[in-house]
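Biologist: Please present the model, and let us examine it by question and answer.

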Amino acid sequence: DLHSFPTRRSSDLSFYDGLWSSRFYTTRGAVGYEHHFKEQGTLQVNAYVESQVFNYMPERDANGNMIVPDKQHNSLIGVEARLTPLTFNEFHIGGAVGYNTFYQKYIHAAPFNNEKPSELQLWVKANALYDISNELHVGLDLHGNTASYSFDTFDTYNSLTFTPHFDITNKQVDLRVGMHLHANYGFQTKLRLAPDVRLRYHASSNIDLFAGATGGEVRNEFRHFAQMSPYWSYNNQQQMEHQFDIVRVNAGMDWCLGQGLYARLMAGYDVSKDRAELYEATHLTTANGSLFYVNVGLDYQPSDVWGFDVKTQMNGWATKADENIVGDVLAWRPILDIRANAHYEVLRGLQLGADYMLQTFSHDDTHLYNRPVTNNLGASATYTLPLPDITTGSKLSFYLRGDNLFNRHYDAYMGYRAQSITFLAGVALTF
């Protein structure tokens with residue numbers, strides 16, 4: 001797929017101006033196992049391996065020398081085991097343990113003396129709940145995480161969170177009142193607090209009111225950076241602190257309008273420290289910031305044959321980043337975000353689907369790069385054939401999907417154009 005990019009310039013480099021063939025290949029394999037104990041509880045074990053191989057848009061310095069490699073290879077591995085709660089009279093106990101790695105094969109503008117970025121994480125979760133009565137409960141949640149890195153200049157980053165909470169559950173009210181007690185040690189030694197309060201009030205048979213005030217850590221890990229953009233790179237040798245949401249407040253209403261039609265109206269405000277941001281398309285930084293948003297959703301599922309849903313969110317982003325990059329820092333975040341999905345079963349086993357996404361971004365002449373509007377229409381067709389002779393629930397599915405059917409020029413990631421009209425066909429066997 002050939003793209004023509006306008007030149008983007010900063011003080012020390014210029015981006016390639018011309019035709020460029022983009023390639024991005026993702027391969028993922030996963031396996032899962034579930035065991036149901038005779039008395040109670042379930043053990044779930046899941047593992048996956050993912051490979052991302054892609055090429056960068058050519059990037060050269062003022063002398064015409066290539067300053068990034070022409071390709072990249074990310075490897076991701078994850079293993080986790082989860083135990084659903086076991087009940088001993090009034091006590092309920094559950095937990096999970098996991099392992100994640102992220103590895104990059106090639107160096108992208110790295111200042112780490114040819115060290116290749118890699119990150120290894122070990123994490124554990126545990127929860128305990130005690131029933132004071134049928135409606136009153138008290139509990140404690142634990143979440144621990146340790147991350148180590150390939151860079152000699154990076155320290156091990158350890159996090160530990162305790163969340164004591166008190167719950168009330170009855171026919172009219174679901175209430176949780178708790179507090180996150182969060183500690184970091186290793187790279188940073190800090191002790192911080194964040195609320196964990198959630199309320200849902202069943203106002204009537206078709207209206208629920210809800211509100212909440214939560215917070216806590218969002219890890220600025222390599223996997224998080226890759227979700228922001230697989231072309232991320234450190235711009236200096238400073239290790240980044242994890243994002244900490246001081247508070248995330250929201251309030252809204254869920255309304256059942258009858259016969260499978262549901263509506264949601266919600267507004268919220270988040271205040272964050274050390275939020276990960278992108279500038280100059282791929283460089284990473286952290287900055288304190290906030291977000292005010294309004295979300296409206298509609299979901300209509302009148303039958304198993306057809307249905308649709310639409311979600312619209314308006315975002316008001318703010319940041320306290322360095323004034324020299326503040327505009328570019330928010331240029332990758334959507335202001336208006338609309339997503340819609342629809343499906344229709346034409347005949348037994350044959351289902352047609354369509355999806356649409358519209359995103360707008362801030363534009364300014366001072367930006368090094370203005371991200372274009374995302375305007376994507378996709379469509380799919382799936383035919384499923386049951387295979388009862390193999391095992392119960394076995395099936396063979398054939399599918400066809402088209403993407404970017406409007407053939408629009410937009411960014412799949414900040415600074416990296418999406419493919420033009422794309423078709424994908426495949427087969428899936430479940431047994």
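This is a predicted model: local features need pLDDT of at least 70, side-chain atom pairs count only at pLDDT 80 or more; totals for chains, interfaces and linings use all residues.

Modeller: Residues are numbered from 1 along each chain as its sequence is written, and side-chain values use heavy atoms, with hydrogens and water left out.

Biologist: Which element has the highest mean pLDDT?

Modeller: pLDDT is the predictor's confidence in each residue, from 0 to 100. The protein averages 86, and 87% of the residues score at least 70. Among the elements, strands being DSSP runs of E with at least two residues, numbered from the N terminus, strand 1 (residues 2–4) has the lowest mean, 36, and the highest, 97, belongs to strand 20 (residues 350–359).

Biologist: How many bridges join strand 10 to strand 11?

Modeller: Two strands pair if DSSP finds at least two bridges between them. Strand 10 (residues 136–149) and strand 11 (residues 157–169) run antiparallel. L142 has F162 of strand 11 as its bridge partner, and the number of bridges joining the two strands is 12.

Biologist: Which residue in strand 12 stands opposite N158?

Modeller: A hairpin joins strand 11 to strand 12 through three residues. These strands pair in the antiparallel sense over 11 bridges, strand 12 covering residues 173–186. The residue opposite N158 is Y185.

Biologist: Is D254 buried or exposed?

Modeller: Side chains of opposite charge can pair when their charged atoms come close. A salt bridge requires a side-chain nitrogen of Lys or Arg within 4 Å of a carboxyl oxygen of Asp or Glu; D254 forms one with R200 at 3.1 Å, N to O, and one with R264 at 2.7 Å. Buried means under 20% relative accessible area, exposed over 50%, and partly exposed in between (1.4 Å probe, protein chains only). Because its relative accessibility is 18%, D254 counts as buried.

Biologist: What is the relative accessibility of R401?

Modeller: R401 forms a salt bridge with D355, the closest N and O atoms being 2.9 Å apart. D355 lies in strand 20 and R401 in strand 22 (residues 395–403), so the pair ties together parts that are 46 residues apart in sequence. R401 counts as partly exposed, with a relative accessibility of 28%.

Biologist: Which strand supplies the largest share of the nonpolar patch?

Modeller: Patches are made of residues with over 30% relative accessible area and no salt bridge, like charges being joined within 9 Å and nonpolar side chains (Val, Leu, Ile, Met, Phe, Trp, Tyr) within 5 Å. The nonpolar patch covers about 860 Å², with W306, Y383 and F398 among its residues; areas come from the Shrake-Rupley method with a 1.4 Å probe, and for residues only the protein chains shown count as cover. Strand 19 (336–347) and strand 21 (374–386) each supply at least two residues. The largest share, three residues, comes from strand 19.

Biologist: How far apart in space are A428 and T384, C-alpha to C-alpha?

Modeller: A428 is found in strand 25. Leaving aside neighbours within four places in sequence, A428 is in contact with K395, L396, S397 and Y399. A428 and T384 are 44 residues apart in sequence, and their C-alpha separation is 9.2 Å.

Technical notes
Helices (H or I, at least four residues) and strands (E, at least two) are DSSP runs, numbered from the N terminus. Contact means heavy atoms within 4.5 Å.
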